[in-house]
Amino acid sequence: GHGHGHGRSGLKFTGIRPGTGDDVAIPDGYEQRVVVRWGDPVLPDAPEFDFTAQTADAQAKQFGYNCDYVAFQPLDRDRGLLWVNHEYTNEALMFAGYTDGGDADPEQIATAMAAHGGSVVEIRREYEDRGRGRGRGKSTGGWRLSQGWRRFNRRITPSTPMELTGPAAGHDLLRTEADPDGTRVLGMLNNCAGGMTPWGTILTCEENFHQYFVGGEGAPDGAKPAMARYGIPTEGDTRSGNRRFDRVEERFDLSRHPNEANRFGYVVEVDPYDPDSTPKKRTMLGRFKHEGANHRITRDGRIAVYLGDDERFDYIYKFVSKRSYRKGSRRGNSTLLDSGTLYVATFRGDSPENEIDGSGALPSDGAFDGWGEWIPLCSDSESFVEGFSVAEVLVHTRLAADEAGATKMDRPEDIEASPATGKIYCALTNNSAREPGQADEPNPRGPNRFGHILEITERRGDAAATKFRWDVPIVCGDPEDEGTYFAGYDKSKVTAISSPDNLTFDERGNLWIATDGMEWGNDGLFAVPVEGRDKGELKMFARVPDGAECCGPLITEDQKTVFIAPQHPGDGGAYDDPQSTWPDHDGFPRPSVVAIWHGRGKDIGS
Ligand code: FEO
Ligand code: CA
Ligand code: CA
Ligand code: CA
């Protein structure tokens, strides 16, 4: 790696100020371009996008809504495949007169459904234009959608056939009338963040899948406690305020098909290089509101995948494979995620409990830190939780982790390993429900309005370790507030930040943080060194349009491009009153992916 452990961060850009505005703001010297928008053609026979006459059939061939996770896999020097999650839809912004799923035109429901899922699109590197007749100049960090028919382009929707794999596949809990074997599911829902594997596949993670189901009040009583633990309503009117997918596909009604919800909430593996491949729902990685799935290779060559469950008071997990990753062995790697061990994290502080008062004031040892342990929940052949079979651990993972005594965290979002040090970083976005008396060293504020970053150092640096040290290097908020901390850096020189969500690293090991819920202006992308002399010097790199959260982010391997995905521009507005018209400013907002690069070809962050 490029570890500059004691050196400077290389983050020389002039940070931008928090603020508002219906554009993407970037530092001086940088350039940007929208790469792909909601409605752009993905498949060869996709019709032109027509905002006033959308159809489900068209949408299933066009780029979907609300871009979240962004991945990139190269094809050659000038072309690459962009993977983008389409987490969910804002029907009020998409359709005129939309009020509720119960009243909506079924074609609108089917259109919104087809706008979920993910897309693979081929993109092409841009070159400087040297002017008429003088040919093309140097390559830039800019990218554009390849035009015409592209063989890897693909739309994945809630209708795409998928396979359930791993130890829970075929279990009674996963069987339905339409799938008596419990191995075939249609589609994925609410895919939030994700990860890339060393063998070139995409891991895309189903998060708030609970919101797509109705009829929980009519489900068998025995199924209700588990449904409720996953946030699926099981009493009263479960239909109002729902998108009502059940009105176009009956399987979303749990009073008729109570197991259908058990078939969502997984990490899904997609091979972007094979558009005909069947996406795999990997049950071995557990079922919860999966945020992301980023890996490290263990000392003995196996793969460890770090997983967050984004809910207040939910948990951090780790999967470690049984077999080793073998470079170039596509067949062997294709089942690596089906066997191994699933762990959940416990954290213990090393300061006296009475020194943690919920205000964010540091304890007398000067750090929110301590040690922790990964508690095994099950392997592919053995359950370690009393009263749960292997399949029950993997389908009712939250309940098994409750039983194992996991540490309740402040909404674990993205988790990512530093390429420079191998240390693991987790964004804990916020937790308005934590009482002051519930504050503990790993979650030191109650309520936690602004979130924090947690650092995990595995014992001996081995991702297979079951014990670790941990630390809270950043306690987010307004740096003028006493209950904030920026790794000891001079707080008069850092910017305010709140609600850290998606994470990535540059090759130097600087942490890049995208926010979802900035208190001071619009959300954005921030960069902060987590080692060396500049540790804690947090700066704002990009600001997204009004109403949007900042998703992506992804820095390409050559360090020349950062992709961000401003999600839900104009959120809170309506079709007739959109409040954002980004990016085209021609009447309505379109969630899109943006490439940002340095105008003189320097590395991102320079
Ligand atoms: Fe979809 Fe936890 O953010
Ligand atoms: Ca401490
Ligand atoms: Ca997220
Ligand atoms: Ca979030």
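How many bridges join β25 to strand β26, and do the two run parallel or antiparallel? Four bridges, and the strands run antiparallel. Keep in mind that this is a predicted model.

Let's start with that pair. β25 covers residues 500-505. This strand is mostly covered: six of its six residues are buried. β26 takes in residues 510-515. Look at F505: its bridge partner in β26 is L511.

Now to Y425. This tyrosine is found in strand β21, residues 424-428. Buried or exposed? Y425 counts as buried, because 23 C-beta neighbours lie inside 10 Å, and the cut-off for buried is 20 or more. What does Y425 touch? Leaving out residues up to four places away in sequence, the contacts are I415, E416, S418, I453, E455, L503 and L511. Note L511 in that list; that is the bridge partner of F505. So much for contacts. As for D523, that residue is 98 residues from Y425 in sequence. In space, the two are 20 Å apart, C-alpha to C-alpha.

Last stop, helix α3, residues 106-114. This helix is also mostly covered, with seven of its nine residues buried. Which ones? Q108, I109, A110, T111, A112, M113 and A114. And what covers them? The cover includes α1, at 56-59, and α2, at 91-94.

Conventions
Residues are numbered from 1 along each chain as its sequence is written. Chains are lettered from A and ligands numbered from 1 in the order in which they are written. This is a predicted model: local features need pLDDT of at least 70, side-chain atom pairs count only at pLDDT 80 or more; totals for chains, interfaces and linings use all residues. A residue is buried if 20 or more other C-beta atoms lie within 10 Å of its own, exposed if 12 or fewer, and partly exposed in between; C-beta atoms are placed from the backbone. Two strands pair if DSSP finds at least two bridges between them. Two residues are in contact if their C-beta atoms, placed from the backbone, lie within 7 Å.
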